[in-house]
Amino acid sequence: MAAISAEHVNPFLMAAKKVLQDMCFVEVTIQKPGVKEASFGPDAWVIIIGVTGEMRGQVLIAMNGENACAVASKMCMMEIKEIDDFAASALSELGNMIMGNAATVFSANGIGIDITPPSLSHGEMSFKNSFSKNLCVPLSFPGGNLELYIALRQED
């Protein structure tokens with residue numbers, strides 16, 4: 001099982017922090033990362049984005065319902081009390097922006113990646129893979145938090 005290096009994690013962290021600060025107007029703090037099973041309870045909202053190219057795998061952006069509503073509210077600049085189609089679209093776009101920014105950083109570092117369109121899932125789920133461990137990086141901001149799960153390997 002491949003280990004993931006800091007040079008492959010930092011572009012995602014930089015992108016997530018920048019997009020959340022620019023789109024949600026919050027100060028983001030990156031917490032201590034750790035290897036963690038990607039398993040979620042019934043209140044989970046998870047943005048799933050695949051990565052192809054010189055790196056392969058997926059990135060998950062997970063949050064509970066309260067935090068999903070808070071993020072969507074800030075992005076839409078109006079109060080969101082439940083994740084409807086409009087709010088779901090905003091959350092998916094958050095995933096697109098984070099991953100697009102990360103792809104740009106990778107490209108500047110000479111690593112070409114492509115991303116799949118985001119899928120937004122809700123409810124109890126878990127993800128298992130045999131090619132890489134899930135590195136979980138919690139991100140916190142005033143009034144909320146989310147977790148970034150990165151499971152990638154560099155292609156030979």
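User: Starting with helix 1 and helix 3, what is the handedness of their crossing?
Analyst: In this predicted model, helix 1 and helix 3 cross in a right-handed manner.

User: Which residues make that contact?
Analyst: Helix 1 contributes Glu-7, His-8, Pro-11, Phe-12, Met-14, Ala-15, Ala-16, Val-19, Leu-20 and Met-23. From helix 3 come Leu-94, Met-97, Ile-98, Met-99, Asn-101, Ala-102, Val-105 and Phe-106.

User: And how does that contact divide by class?
Analyst: The contact of helix 1 with helix 3 comprises 15 nonpolar, two polar and one charged residues.

User: What about the geometry, i.e. at what angle do the axes of helix 1 and helix 3 cross?
Analyst: The two axes cross at roughly 135 degrees and come within 8 Å. Because of that angle, helix 1 is oblique to helix 3.

User: Moving on to helix 2: at what angle does it pack against helix 3?
Analyst: The angle between helix 2 and helix 3 is about 85 degrees, and their axes are 9 Å apart. The two helices are therefore roughly perpendicular to each other.

User: Which residues are involved there?
Analyst: On helix 2 they are Ala-68, Val-71, Ala-72, Met-75 and Cys-76. On helix 3 they are Phe-86, Ala-87, Ala-90, Leu-91, Leu-94 and Met-97. By class, the contact of helix 2 with helix 3 has eleven nonpolar, no polar and no charged residues.

User: Leu-94 is in both lists. What else does it touch?
Analyst: Beyond residues up to four places away in sequence, Leu-94 touches Val-19, Leu-20, Ile-47, Val-71 and Met-75.

User: How many residues are in the largest nonpolar core?
Analyst: That core has 46 residues. Those with the most contacts inside it are Phe-12, Met-63, Val-71, Ile-83, Leu-91, Leu-94 and Leu-148. At least two core residues each come from helix 1 (6–24), strand 4 (44–53), strand 5 (55–64), helix 2 (65–76), helix 3 (85–108), strand 9 (135–141) and strand 10 (144–154). Helix 3 supplies the largest share, ten residues.

User: What lies apart from that core?
Analyst: Another core, of ten residues, lies apart from the largest one, and its members include Ile-48, Met-125, Cys-136 and Tyr-149.

User: Changing topic, where does Asn-134 lie?
Analyst: Asn-134 is in the loop that links strand 8 (125–127) to strand 9.

User: Is Asn-134 buried or exposed?
Analyst: Asn-134 counts as buried because its relative accessibility is 9%, and the cut-off for buried is under 20%.

User: Which residues surround it in contact terms?
Analyst: Leaving out neighbours within four places in sequence, Asn-134 contacts Gly-34, Val-35, Lys-36, Ala-38, Phe-127, Asn-129, Tyr-149, Ile-150 and Ala-151.

How values were computed: Residues numbered from 1 in each chain as written. Predicted model: local features only at pLDDT ≥ 70, side-chain atom pairs only at ≥ 80, totals over all residues. Heavy atoms only, no water. Core = buried A, V, L, I, M, F, W, Y, C linked by side-chain atoms within 4.5 Å. Buried < 20%, exposed > 50% of the residue type's maximum accessible area, 1.4 Å probe, protein only. Helix = DSSP H or I, 4+ residues; strand = E, 2+ residues; numbered from the N terminus. Contact = heavy atoms within 4.5 Å. Axes fitted to C-alpha atoms, helices over the stretch in contact; angles between N-to-C directions. Parallel < 35°, antiparallel > 145°, perpendicular 65-115°, else oblique. Left-handed = near helix turned anticlockwise from the far one by under 90°. Nonpolar A, V, L, I, M, F, W, Y, C, P; charged D, E, K, R; others polar.
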